Amino acid sequence: MGRYVLRRLLQLVPVLIGTTFLIYLLVWTIPGDPFAGKCGDRACPDSYITAMREKYNLDDSLLVQYGKYLASLVQGDFGETFSGIEVSELIANAYPVTLKLALVALVIEAVIGLVAGVLTGLRSGSFLDNLVLVSTLFLIAIPVFVTGFVLQITLGLRWGIIDPTVSAAANLSELIVPGFVLGSLSMAYVTRLTRTSIAENRRSDYVRTAVAKGLAPRRVVGVHLMRNSAIPVVTFLGVNLGELMGGAIVTEGIFNIRGIGGLVFGAILTKEVATVTGVVTLLVIVYLLMNLLVDVLYAVLDPRIRYD
Amino acid sequence: MRSRRVAAWLAVPVSVALLASACGGSEESGGEAGDATISIYGTEPENPLVPGNTTEVGGGRVVDALFTGLVEYDPRTAEPRNAVAESIETTDSKVYTITLKNGWTFHDGTPVTAQSFADAWNYTAYSPNAQQSASFFAQIEGFDQVNTPDPDGADGPQQAPQPPAQEMSGLRVVDDRTLEVTLAEPFAVFPTQLGYSAFSPLPEAFFADQEAFEANPIGNGPFTFESRQPNANIMLSRYEDYTGDPKPSVSNVEFRIYEAVEAAYADVVAGNLDFLEIIPPSALAGNLYQTDLPDRSSSQTYLGLQTVTFPVYDPRFQNPELRKAISMAIDRDAVNQQIFNGLKPPADGYVAPNVPGRAENQCGELCTYQPQRAKQMFDATGFQGPIELTSNVDAGNAEWMQATCTTISNALGRECRFVPVPTFGEFRTAINAGEMNAIYRSGWVADYPSIENFLNPLYRTGGSSNDGGYSNPAVDAKLAQADAATSTEQADQLYQEAERMALQDMPAIPVYFQSVQAGWSERLRSVTVTQFRELDLYSVEVG
């Protein structure tokens, strides 16, 4: 197992270099000069444009620019925004917030989704099953920004139960509603996945054997059935953390959460390559690590799977 | 059973958290009127907070609170009045003697002297310093010795030559309180211009350590810099030794950065944010904001104008008759009523309302909707193909541009097509490069309140924002004559004549005057929105 994990970690390096290059290339190809719109309805002075291009290596060819970026990145320097703020400072401010939001969303979707999935899977065809089916379909059908605005306006403005936006500190309590909004779509998927998996495995041979052996129903469901049904759900949840972080941009905009979504969006509009590449590279790392974690968990959940 | 118990355990912290966040909202609203903090909507500054390098709104409103120039503008009428200057005297509009008031200090305690102004202006004008506002000093004698143009533009391989001098010869510090400014050509509007933030003084600390200054800006304005968290907020506090008059009554100001204006609006309605000067379209629809914010909102025009400009360098748009025909084909009233709920009045000239020196209805019937006459004129020009209008669409311009297009094609019977461009950066790239091949959106917000600011940069040959390439020697001559006038009244008359002359060529079509809809929390009293669409920080009170 240890060697397997090590090998996977080493594989991260070429993947990271490849992704940073792709991201750099993509931002670089966005049309428009980053300094063309900087001075409003007046062209910026040539001296300003020349100085800025020189400072940010924009006169070099793409490969040279990327090489310089990578060289400083290896030394831990993420570069500067055009307004002279360290990208590392922006990331240090925004990353924990988005991570917190994504984790809140993940916990909400996992808890509610799993509970609803297990309950309906055990009683498939019941009234509860149909009710959950309808509500999950409803959640899947509604775009996130609708859920977000509806909750913000009803809970925040009309009833005054919550603040309509999240403060700069982004306390856990403030993130519950945005986390629910962010996780709502995935919550519906988790419910459907769990339900299908449980309903399927309930009829399998090993469950019948366990029941025939006279095991307590709680042990049959809690240990044998759950453990085997968890594999597709764990895969989904693992990959989902990265998705939640990368997809938080809409939720962050609605609730004014100072996370990475807004940071990347603003940076793309102004063609700030350093910010986009820095943030997205870290996102890629989250994806890769979560994938690794999921693969390791497979072996824990299913004894038949062995690495090495 | 276990799952139910888990749910119960979860319910406790969730409900506690909900309660806590519900209480959080009301905590901030207390506080004495004397030491109150007010929070104002802000956007992330695009540049370090240095006055000569800040040209956008997000940094501009912070710089305006941190610095006071020689001149400031009345919040309601936009009329200039002396601030740091005690007097500004001239006999020929060419040599100005500026006397400073006694006792002004920077936030670090050092005095504001004539040298502080001379150093700041020389720094901003010197081209190797690469400041955005360098061109504002172009009128001062010796500017061409400190600011050398790039021979082949920023894109070319050649470098701009090193300027021969570091200081403009037209700036002479007579003593600590007297500055003598000599202009290259007479310029009557110069005293008005002095209130623009690029003309702010800079303390010695700026020249000693610029990076430290950017991290902790030191100005001479009514508020001092406290702290800044990027993408979250900028905190200012009242400068207790502020010499100017009036003095602000609120003691702390927080510029809170929002990514989306909808979130800021929700905060104003809930009382979490004190002031917002942009009401989002969702709340403008059906005037919802007036119910959401009863007696806590305002709507007024400010010193801004929206136009569509012809790329005159494109041979298809060189006929003035065609340009006038399209202007008369725009039903400005219909666009205003249907798109803006009647909040943005149709433009009747090139100069926004309340600008000192402005005359009413300069455009006359050329800006009046006359579909039949427009069609006759248009058909006579023999213009081929569809009419195309273009704009960036990242700031909500698509709707009115499309509506304008519709009224044009209804009147002229020729297809009018709206071509969207995704970002402002991309849009400006094409404009700067002179590669426009469609009629494009152009806006103008005054840098300083003068009719001159709406004409010289835009319609004079080679003007700093004359992107369409319009050139008429008669207009140039009239503008030069106005610049050289010895009194403001005489200058204004001549500028008005130049405006009428330019309108006869219609290089750009005035469409509507900009307006600002502001909303504020229940705590604020005596709210005034300035002619530069900022909250007047001097007069606002917390009740």
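Tutor: Helix 6 (residues 144-158) of chain A packs against helix 8 (residues 261-270) of chain B at an angle of about 25 degrees, with the axes 10 Å apart; axes are lines fitted to C-alpha atoms over the stretch in contact, and angles run from 0 to 180 degrees between N-to-C directions. Helices (H or I, at least four residues) and strands (E, at least two) are DSSP runs, numbered from the N terminus. That angle makes helix 6 of chain A roughly parallel to helix 8 of chain B, a label for angles under 35 degrees, with over 145 counting as roughly antiparallel, 65 to 115 as roughly perpendicular and the rest as oblique. The contact is made by Q152(A), G156(A) and L157(A) on helix 6 of chain A and by A266(B), V269(B) and A270(B) on helix 8 of chain B, where residues are in contact if their C-beta atoms, placed from the backbone, lie within 7 Å. By class, this contact has four nonpolar, two polar and no charged residues; Ala, Val, Leu, Ile, Met, Phe, Trp, Tyr, Cys and Pro count as nonpolar, Asp, Glu, Lys and Arg as charged, and the others, Gly among them, as polar.

The model is predicted: local features need pLDDT of at least 70 and side-chain atom pairs count only at pLDDT 80 or more, while totals for chains, interfaces and linings use all residues. Residues are numbered from 1 along each chain as its sequence is written, and chains are lettered from A and ligands numbered from 1 in the order in which they are written.

Helix 8 of chain B is largely enclosed by the rest of the structure, because eight of its ten residues are buried, a residue being buried if 20 or more other C-beta atoms lie within 10 Å of its own, exposed if 12 or fewer, and partly exposed in between. The buried residues of helix 8 of chain B include A266(B) and V269(B), together with E262(B) and D267(B). Just after this helix, G271(B) takes a positive phi of about 85 degrees.

Methods. Two residues are in contact if their C-beta atoms, placed from the backbone, lie within 7 Å.
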